[in-house]
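Reader: Please set out the helix packing and the sheet of this model, with the criteria applied.

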Amino acid sequence: MLRRSVVVCSVVALSLAGLPAAASAAPADQVERLLAGMTLPEKVGQMFVGYVYGDNATAPAPADVAANTTRYGVGTGAEVLRRYHLGGVIYFSWSHNLAAPAQVATLSNQLQAAARADTGIPLQISTDQEGGIVTRIGAPLAVSPGNMAIGATQDPAAALQAARVSGQELLALGINVVDAPVVDVNTNPRNAADGPRAFGDRTAQVALFGAAAVAGYRLAGIGAQAKHFPGLGDTTVNTDNGVAVTDESRAQIMATHVPPFRAAIAAGVPSIMAAHIVAPALDPSGAPASLSRPIVTGLLREQLHYDGVVITDALDAAALADIPPDRIALDAINAGVDQLLMPADPPAAIQAVLDAVAAGTLPTARIDQSVRRILRMKLELGLFGRGDVPTPVIGTPEHLRTMSTIAARSITRLRGAGLPLAPGAHVLVTGWGVSTTQNLTDGLNARGVAATRLWTGSPSPAVIAQAVAAAGTADATVVTTNNVWSDPTQVALVEALLATGRPVVVTSVGGPYDIAYFPQAPAYLAAYDYQPVSVTALADTLTGRAGSPGRLPVTIRTPDGGTVLYAFGSGS
C-alpha cells in the first residue's frame, strides 16, 4: 500500500503539472474587471445555485412550466436566469433535467446561452455523480463504482482513473462541476449519510484516495467539490432527513476527519461543501457547520488556509427546518460561505440578502469577496469563452472498460463455501433491490447458471416463507442485502434461509458491514454498491469467471462495536 501511495502521488503531481493553462490561476485584474461590471443583484445571484424544472430551458413541458412558476414566478429555466441571475444550476432526474445524453447537452447549451445573454458570466452546471449509490445519470454513460468499492481495490490510481473518466463523460454533457468526491471518513458503520459513499474508515487512506479523485477530475477539466466539511463520518443521521450531531472532541475531529480535506486542498480542489452537521466541539453555539463562522471561517479559511469556493449542502434539508428561512442565507454568508445551494424559497432568500445589503447589515465588500472567488473558479475552469458542447460521445469502450475493471477489482470475499456456483445449477436470487435482483439474475443466466428471481425487498413473514420454500427446491440461493442494521426484516430473511441448511451465498450491495448480523453465513461477498457495473462483476465472481481481489477498506465489528470480526484489508 505504501509503495502504491508513493507511486500514485508521483503520478498525480506529474499529471497536475501538465494541466492546460485554462486551469492555472486566474489573473486578479481579470476578476476585478468582471466584478466592476456587475450590478448588486447580479453579484448576489452568482452566490445562488438552484434547480430548474424541465428538459429544455426555453420550452419545457407544461407541468414543468407550472413547477417553475410556483418556485420562481417565471416558467422556464432561461427566464429564471434572466430574473435572478443564478450563478449555478444543479441537475436532477426528479426536476426532469436528465432524460437522455443529447437532451442534457442541449439543455446545458440553452442555459449557458441564457446566462451569456443576461450577465455574460458563464453558468456553473453541476450534478451529484459520485458513482455507486449516488449516481444521477446512468447508462449509456460509463458509471463508476462507488467510493468504498474503489477503496476496496486498495489502489488510489483507481480513484484517479474513475474520476477522470466520469469527469470527461459529464463534461461532454455540458456539466462543468461534479458534486464529488465524498472525503468523509466512515468511522460509524451505521452511518446513514455516508456508508459506501466513503472510501473507507482510515483517515490516511481516505485522504489519499480523495486527493487522487480530485486530481482525476482536474485532469478531465471539470471542477470537483470535496464534501462534507468538516466530515459526516461519525454520524448516524443523514442531514437531508434530520439533525446530525457529532459528539467527538475537537482533537478527534482534527485528527480523523479534517485531514482528507487538507489533502483535497493540496490537490487543488476548487470547491468544498460545508455540511449541516452540528459539532459542539468546534462551535459550542450549536450552529450547523454550514452556518458556523468558527467552522467555515475559523477552521476552513483561517486554519486550513482555504481560499476556494465554499458551498453549502442543500439549504432545504430537514436539518435546517427549525431555523427561520430568512436567516439561513444570511447566516451562511456571515459564516464565510460563498455559494448557497437550493434554498427552500430562492426568491425570498435572494431578497433577504439584497435587503441586508441595503440595510447596511451585510457589507457589499462581503458580497464582493464571495463573487471574486466564484469568478476566479469559473475562469480557472475555462468556462469563459467555452462554446456549445457538441453531440455528446459518452460510454466509449475505453471508458466502460475502465469502470468494469475497477468494479472487478473491488469484489471482496470474506467467506467462500460453495463458490463458485456450478454451471447449470438451479439458483434462486432473492433479497433486496428490484433492479439489483433482476440484473444479478440476468447476469447469472448469461454465465451458464439457471437462475430464477424472487424479489423480497423488506419482507413480511409471508414473503420470507415464500423465499424459504423456493430455496428448498434450488441448488443454491444468492441473497442480496443492503444496510441490514436499519432493516431487521432483511436479517430475518437471511437467518431463515440459512436455517434451511441449503447452500446460501449472502451478497451485500451497500456497506460491507452486513455480515456482522449473520456471521454464520458460509459464503459472503461484498460488492459495495448496486450499479450494474458492480452487479456484473459480482456475477463474474459468483460463477468463477473472475476472482475476488478486493480487500476490506474498513474494519467490521460485532453490532455492539466490540469484537473485530474482519480487520481492515481482509479478503480472499
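Author: Helices (H or I, at least four residues) and strands (E, at least two) are DSSP runs, numbered from the N terminus. Axes are lines fitted to C-alpha atoms, for helices over the stretch in contact, and angles run from 0 to 180 degrees between N-to-C directions. The model is predicted: local features need pLDDT of at least 70, side-chain atom pairs count only at pLDDT 80 or more, and totals for chains, interfaces and linings use all residues. Residues are numbered from 1 along each chain as its sequence is written, and side-chain values use heavy atoms, without hydrogens and water.

Reader: At what angle do the axes of helix H8 and helix H16 cross?

Author: Helix H8 covers residues 156-171 and helix H16 residues 397-410. Their axes come within 10 Å and cross at roughly 145°.

Reader: Which residues of H16 make the contact?

Author: Contact means heavy atoms within 4.5 Å. H8 contributes Ala158, Gln161, Ala162, Val165, Ser166, Gln168 and Glu169. From H16 come His399, Thr402, Met403, Ile406 and Arg409.

Reader: Which residue caps the N-terminal end of H12?

Author: A side-chain oxygen lies 3.2 Å from the backbone nitrogen of Ile295. The residue that supplies this oxygen is Ser292.

Reader: Which are the edge strands of the open sheet?

Author: The sheet has 5 strands in the order S6-S3-S2-S1-S10, with parallel pairing; two strands pair if DSSP finds at least two bridges between them. Each edge strand pairs on one side only. The edge strands are S6 (177-178) and S10 (340-341).

Terms used: A polar contact is a pair of N or O atoms within 3.5 Å; within protein, one must be able to donate a hydrogen and the other to accept it, and residues adjacent in sequence count only if both atoms are side-chain atoms.
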